[in-house]
Every structure is written in C-alpha cells, then in structure tokens.
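Here's a quick tour for anyone meeting this structure for the first time. Take a look at the model, then read on.

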Amino acid sequence: MTSSHLTASTLAVQWAGELLHLLPERALWWPGGRVLFIADLHIGKAATYRALGQPVPGGTTQENLARLDDLIARHAPGHIVFLGDFLHAAQARTPQVLAALEAWRSTHADLAMTLVRGNHDSRAGDPPAALGIEVVDEPFLLGPFACCHHPQSHATHFVLAGHLHPACRLYGRGRDSVRLPCFVSDARQAVLPAFGEFTGGWLMETAPERRFYAVGGETVWALPPSD
C-alpha cells in the first residue's frame, strides 16, 4: 500500500519542511523520499537475556521481523534507515537469530538498507555482511535530515534519532495513569520510539517547544502542548 492509502491511525507532521507520517507500529514514514525510519530494533535482546540465565520468552525476533514485513508491504519503501541498535549484544548473534535475519533479508533483497551505528552496535558488532546492510556512523545525511542514533544538534539538518526509547504518561481520574511509547519532537530534532519488542521506555520531561505524540493500540495522536 502506498502513502496515499495510509490509515487514519497514522499522524501527519511537518518536519524540516517535509511531510512525514508517525506510524502506530512505532516507525516513521517519509513518503517524499520513500524512506522508512526504524529506531532501536534490538534484535536478539531476548536471546541475550536467556544467554545470561534469565527465563525470558522467545519469539521476539520473529515478531519484530514480521512487523517490518507488514510495514514494507504497506508502504513499499525504497530505503530503510535503522537509527542504531540493530543487534542488541554479541550474545544476540546466535545461529537461530542470524538464520532468521538472513531469511528475512532474502525476501527483501532489492530494498536498500542503512544502519546508523548506535551504542549497542559498537558492542554487538555490525550485522553480517551477507545481509547487505550499509553501515555508517552518525550523522548520516539524507535529504534535509541528519539520521543519528543519539539525540543531538546539527548545524544544517533536522535530526532524527533514537536511543532514548521515549515514553510518556497519561493521567486519568484519581490515580489512574498509563505509560505509552511516544514520538518526541523539538525545534530541530525528533526522537523515535523503540521499534523492538521487549525494549522498555524512558519517560521524557516536558520542555519549551517539545511536542509529544503518544502511541497506543493502533493510533498515534498529538498530546496538548505543555504550559
């Protein structure tokens, strides 16, 4: 499905003079460049914890890759940019995880993919060369965007980053509250929520010009600006 068929659950924003769509799958779609931005995939995180003796559930790698498959089928991107932390750790490089990645990549062999190295990538190592994923250091300039892992400022480009796994808290009546992943934008940068399952989140504080876009269920919506 192309960008003209986006569902009402997506939210359109204007950053760096470009139309982008915040997706409930916790990804960012730039229709003008046909680029899908994914932050903090953390492939193999569950496998890493199991290697350390923690009894965590399996299947998260397949779930992450299936969600990516759905996004690729829906938007038909020409390029995917991973904003850091593709693999979680060296222990994530199990035969099962690497085989799943190779099988997934083979179904999208003609799709350009770029990984902007993050802090976990420095420990896990680059993805196997057989996956055909270009690996670069931040900032990776693409159109008006500086693709980074760590939030930062850039002199000429609008920064798209990850790393923080941003979350927000919504309050109901009494003591009711819910914590949700979110997109966060400032004047010259935006931080994407973590795409990967089993990744957790960090509550970000309000700040002047900072906007929050909560992700819940199959919907993304803008929260009112803070005073």
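## The surface and the overall build

Accessible areas here come from the Shrake-Rupley method with a 1.4 Å probe. On that basis, the accessible surface of the protein chain comes to about 10,400 Å², and carbon and sulfur atoms own 53% of that surface. Keep in mind that this is a predicted model.

The protein chain has 227 residues, and 50% of them count as buried. As for secondary structure, there are four helices and 16 strands. Looking at contacts in the protein chain with a separation of 6 or more, 64% come from residues 24 or more positions apart.

## Two helices side by side

Helix α2 covers residues 60-75 and helix α3 covers residues 95-106. They pack at an angle of about 10 degrees, and their axes are 10 Å apart. Angles under 35 degrees count as roughly parallel, so α2 and α3 are roughly parallel to each other.

Who meets whom? From α2 come T61, Q62, L65, L68, D69 and I72, and they meet V97, A100, L101 and W104 in α3. Sorted by class, this contact of α2 with α3 has seven nonpolar residues, two polar ones and one charged one.

## Cysteines without bridges

How many disulfides does a search of the whole structure find? It finds zero. Take C147: its closest cysteine sulfur, in C148, is 7.2 Å away, so that's too far for a bond. C147 is also buried, with a relative accessible area of 0%.

C182 is in no disulfide either, and the nearest cysteine sulfur, that of C168, is 4.1 Å away. A disulfide needs the sulfur atoms within 2.5 Å. C182 is buried, with a relative accessible area of 0%.

Terms used:
Residues are numbered from 1 along each chain as its sequence is written. This is a predicted model: local features need pLDDT of at least 70, side-chain atom pairs count only at pLDDT 80 or more; totals for chains, interfaces and linings use all residues. Side-chain values use heavy atoms; hydrogens and water are left out. Buried means under 20% relative accessible area, exposed over 50%, partly exposed in between (1.4 Å probe, protein chains only). Axes are lines fitted to C-alpha atoms, for helices over the stretch in contact, and angles run from 0 to 180 degrees between N-to-C directions. Angles under 35 degrees count as roughly parallel, over 145 as roughly antiparallel, 65 to 115 as roughly perpendicular and the rest as oblique. Contact means heavy atoms within 4.5 Å. Ala, Val, Leu, Ile, Met, Phe, Trp, Tyr, Cys and Pro count as nonpolar, Asp, Glu, Lys and Arg as charged, and the others, Gly among them, as polar.
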